[in-house]
Amino acid sequence: EGNIGGLVAACDVHEWESLAQYIGAWRGAVELEAACSAVEDGDSRLLFNVGITWRSTRRGHFDIPVQLALAHRMKLRSIITCDDGFAEWSSGWLCISKPADLMGNGEWSGHAAIIGATLVEDDHEQRIEPEVGEEEDWLVRREADASSSNMIRISFKLSIGSSCRAPPAGFKRGYVIEFYAKSLPYSCMAWALTELGMCSPVVRDTVLRGQHWTCTSLQGCSLRSVAVAQRGDEWHAEVEGNKDLTGWSLNASQSICVRNALADPFSLIHGPPGTGKTNTAAKLATLFALRNVNNGSAGVVLYCAPSNDAADVACLRVGEVASQHFKAVADIYSREDCGNEICSICLAGRCNAITTCKHFFHKACLEKALSMSSQRCPVCRRALHQPGGGVNL
């Protein structure tokens, strides 16, 4: 928090020097996104007349009954730690205020990050460290095993710049606290940062460097030469072979990700929500399909997703990207060459259909031929019908 101005933007780094640098940069990005999402969702809990024990370092804590936390379904836990320090700055957030007294004195407000949560019983404290997503179940089990007098102690740290001066050390009552929990996806991201240190060298090198250390780097190398050398196909290399992949509407970091993935057998593309991962993956899947077509294979790729909804979104996005690509290529090719091409069926000119195998036809001639044959190109016999319907044009 104190050095946030000196942090490097995670999206601007393509190779990390250390695991600590990687965690430090992504921790800030994830934390900011998580806090904004929590406020936008508006799923908060209000606590009234809370007594806070203040300390001299902008820190403090307060106690609430376990039953109250369960009744409000408050998801409480300590922050997640890792070998390189903390994987997150907070496990939730607090908006703290104190109304003025009858004389108009004593009004106070501040914002704080939750840095710890413990179960207090007979002056003994136990850290609340459930599995991510199981905070409520953890409290239910502890309540069943212990006395009804159990309390939860929530420790926090005031944020600089958005809070009044911290009160003097000591116990004070009368605060109103609004509690915001960190949602499950962002808690999972923090947990993933802790597990990175336990991953295999292949995964760790891929995360930190964008590729495994045995892979040849493409830094400064033109993708056009790689694409043409690997596939020997000028038609698709004309579009996907540009070094900046302009025709695919990718930003600089997405272009680097796509170049590495096309050249290396194993790549990892990751980033926070809204950075275009699904869009980049759809364009990459289309490029892999084109590679298969150029090699004489079916234009098919295996795309795995963690849920049915995610698979549906991926399928739609890949279909949109592929449709846009073939339309753009066909338009360019038809403007340059279609006027001189002859339909391979009726031997007349002015073709208006091009297959992925680069043979020209009149659309009516091709449709008639496909309806009478085995759904293959009349010239090279390559399969044209897709499994889900439609023709590869």
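**Note on the salt bridges of this predicted model**

1. E129 is exposed, its relative accessible area being 51%, where exposed stands for over 50% relative accessible area, buried for under 20% and partly exposed for what lies in between (1.4 Å probe, protein chains only). R127 has a relative accessible area of 38% and is partly exposed, and the side chains of these two residues, E129 and R127, meet in a salt bridge with an N to O distance of 2.9 Å.

2. This is a predicted model, in which local features need pLDDT of at least 70 and side-chain atom pairs count only at pLDDT 80 or more, while totals for chains, interfaces and linings use all residues. Residues are numbered from 1 along each chain as its sequence is written, and side-chain values use heavy atoms, with hydrogens and water left out.

3. Eight salt bridges are found when the whole structure is searched, a salt bridge being a side-chain nitrogen of Lys or Arg within 4 Å of a carboxyl oxygen of Asp or Glu.

4. One of them joins the side chains of K182 and E31 at 3.0 Å, N to O. The pair links distant parts of the chain, 151 residues apart, with K182 in the loop between β9 (170–181) and α4 (184–195) and E31 in helix α1 (residues 19–41); helices (H or I, at least four residues) and strands (E, at least two) are DSSP runs, numbered from the N terminus. Both K182 and E31 are buried.

5. E135 also forms a salt bridge with R77, and their closest N and O atoms are 3.5 Å apart. Because E135 lies in helix α3 (residues 135–145) and R77 in the loop between α2 (66–71) and β3 (81–82), the pair ties together parts that are 58 residues apart in sequence. E135 counts as buried at 7% relative accessibility, as does R77 at 4%.

6. A network of salt bridges links E31, R77, E88, E135 and K182.
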